[in-house]
Amino acid sequence: MYQVIARKYRPQSFAELIGQEPVRVTLENAIAQGRIAHGYIFAGQRGTGKTTVARILARCLNCEHGPTAKPCGTCSSCVEISAGNSPDVIEIDAASNRGINEMRELRENVRYRPARDRYKVFIIDEAHQITNEAFNALLKTLEEPPDWVVFILCTTESHKIPTTIASRCQQFAFRSVDFPELIERMRWICAEEGIAVDDETLAALAQAGEGSVRDSLSALDQAIACCGNELRAEDVRALLGMFSLDSLEKVSAALAASDSAAMLDVVAELERSGHNLQHFCRELARFFRNLLVAKIAGANTRLIAASPQEQERLAGTAGRFAEDDLTRWLHLALEMFREMQYSLQPRFHLELGLLRLVHAGRMSGIEEELSKLGAVAPPAAIVAAKQAPLAPPPVQAPPVRTGPTPLQRDLQRRGAAAPPSTGGSAPVAANSVSGAPAATDRLPSSGSAKERLLAALGDKNPMSADAVEAAEVVEGPAEWRFIAPAEYRLGIQDPSVEAAVRRLAGRAVKITFQAGVAVADSSEPRKTAAGENEVTERALSHPDVKRFQEMFPESQVRQVRNLKESQ
């Protein structure tokens, strides 16, 4: 029966392993020194050799001549482990055996000694799919297993392994295989199989694998089945749905010429050829990425997975564009590929995306536009204004107060004799000299609290005087309360009001502001209790009010206000 290439040429020892030097060296040294751990976690990309290394480690531990880093490969233990039928090397697929019952069976199996070999090795593939409950059931056994047990957990998603499990195992990271090593491996396999292949074809197969040895060998097996013993790059790309540099460079040529019609022709040709437009978007994004890397790092760099001939062509194409343009195009290509995942009209999205690339290429940087503006000679007036020394701004005199002061207005409103205002400026108060407060014995001792406070304030702070005039002042032995609208809060809380109150009271007094409507002056007529009762009775006797009280028996009328009088 035919055996696929990926299984036929599977490494059987550490010497045949490619691309995993840190893992190989560490395990070989651990076996040589006898420092064999009871638990390992092999994590990395698919097809990079995690299960293969687990089997090699099991052969090294159970070889008749071991433990040794170089198993013989001929003893019954090595042969059975390679064939996958060893009684003491148990491989478990965690994708289908992920429950707590399976882990309990494994825990029971751990207690028994190996049937023949030195170690009983449990290789758990896709370990990240085990449930949390199953991991908890395995936790104690994995921490303190018998001396003859070794656990090897293989996973492609190590972040899903609980930290309680990961902390009890040694972790090894498997990286993707380098492009040159993968090509050399496939060249050797093709020579063993008698397949004629060139470097460009091998590069296409390695690109299809994206660093995975198994994927590249599967693509090679598929290409041999399709094309026979002679492989050509064009046939392999057509088989795998890949695009050559010639088709991708049509896009770069249209961008260099800023030709929108050429972009539409590219999409039409893809439709006629029956290519997958989503795959084209993916390859276009990779093409722009390679151009950007070639622009930055130059040709013959390990950062580009391509043959030397393709890298030279990429470097030549990248030299025609600026780094900013390539970065912008790569970003747009990635956005276009993401949108194509859910598009019901892939052709429309592809055409729109390619036209956006052309429009983005026509954009110029802000530095370039600013340099163009700077190249224009400025008018002579602007140059003279720039060269003239800066003059300090003119100092404006404080505005001269005109009209009566708040104190004069208050006295006039009460009919008292107000001192005359001359020259439009306020007279100096008798109780102040150069703005300094006078002695307490010169302060007014008669009148209401508001009148005495206005007299004490004088004309030093008009804003505070206006606020006091609009407020109701309630004088207490230890507290002065001001009731006024909220807009007068700052005026009443001014330090000058506090100082005036302190001088009037002869000691420190608490100042309290209460937002509200001040009670009208005594000169205005107040409503009598009889009048208020009459308004309340008239309101309660209204038919609408009675109907409302009948509908809501628990309702209460707490205040009745005459809207006409409040206006």
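## A tour from the cavity outward

The lining of the largest cavity is made up of eight nonpolar, three polar and four charged residues. Here Ala, Val, Leu, Ile, Met, Phe, Trp, Tyr, Cys and Pro count as nonpolar, Asp, Glu, Lys and Arg as charged, and the others, Gly among them, as polar. A cavity is a set of points, on a 1 Å grid over the protein atoms alone, where a 1.4 Å probe fits but cannot get out; its lining residues have an atom within 4 Å of a point.

Before going on, note that this is a predicted model, in which local features need pLDDT of at least 70 and side-chain atom pairs count only at pLDDT 80 or more, while totals for chains, interfaces and linings use all residues. Residues are numbered from 1 along each chain as its sequence is written, and side-chain values use heavy atoms, with hydrogens and water left out.

**Stop 1: the cavity.** The largest cavity has a volume of about 170 Å³, the volume being the space filled by probe spheres set on the grid points, which are joined across faces, edges and corners. Select Gln207, Phe243, Leu245, Leu248 and Asn290: of the 15 lining residues, these are the closest to the centre. Then colour helices H12 (245–257), H14 (277–297) and H15 (308–318), each of which supplies at least two lining residues. H14 gives the most, with four. Helices are DSSP runs (H or I, at least four residues) and strands likewise (E, at least two), numbered from the N terminus.

**Stop 2: Lys8 and Glu193.** Their side chains meet in a salt bridge at 3.0 Å, N to O; the term means a side-chain nitrogen of Lys or Arg within 4 Å of a carboxyl oxygen of Asp or Glu. Lys8 lies in helix H1 (residues 5–8) and Glu193 in helix H8 (residues 179–193), so the pair ties together parts 185 residues apart in sequence. Lys8 is partly exposed, at 46% relative accessible area. Buried means under 20%, exposed over 50%, and partly exposed in between (1.4 Å probe, protein chains only).

**Stop 3: Asp215 and Arg46.** This salt bridge spans 2.7 Å, N to O. Asp215 is in helix H10 (residues 213–227), and Arg46 is in the loop between strand E1 (39–44) and helix H3 (50–62), 169 residues apart. Asp215 is partly exposed at 22%, as is Arg46 at 38%.

**Stop 4: Lys140 and Glu144.** The closest N and O atoms of this salt bridge are 3.9 Å apart. Both residues are exposed.

**Last stop: Met551.** Methionine 551 sits in helix H26 (residues 543–551) and is exposed, with a relative accessible area of 57%.

Definitions and conventions. On a 1 Å grid over the protein atoms alone, a cavity is a set of points where a 1.4 Å probe fits but cannot get out, and a pocket is an open set with protein on both sides within 12 Å along at least five of seven lines; lining residues have an atom within 4 Å of a point.
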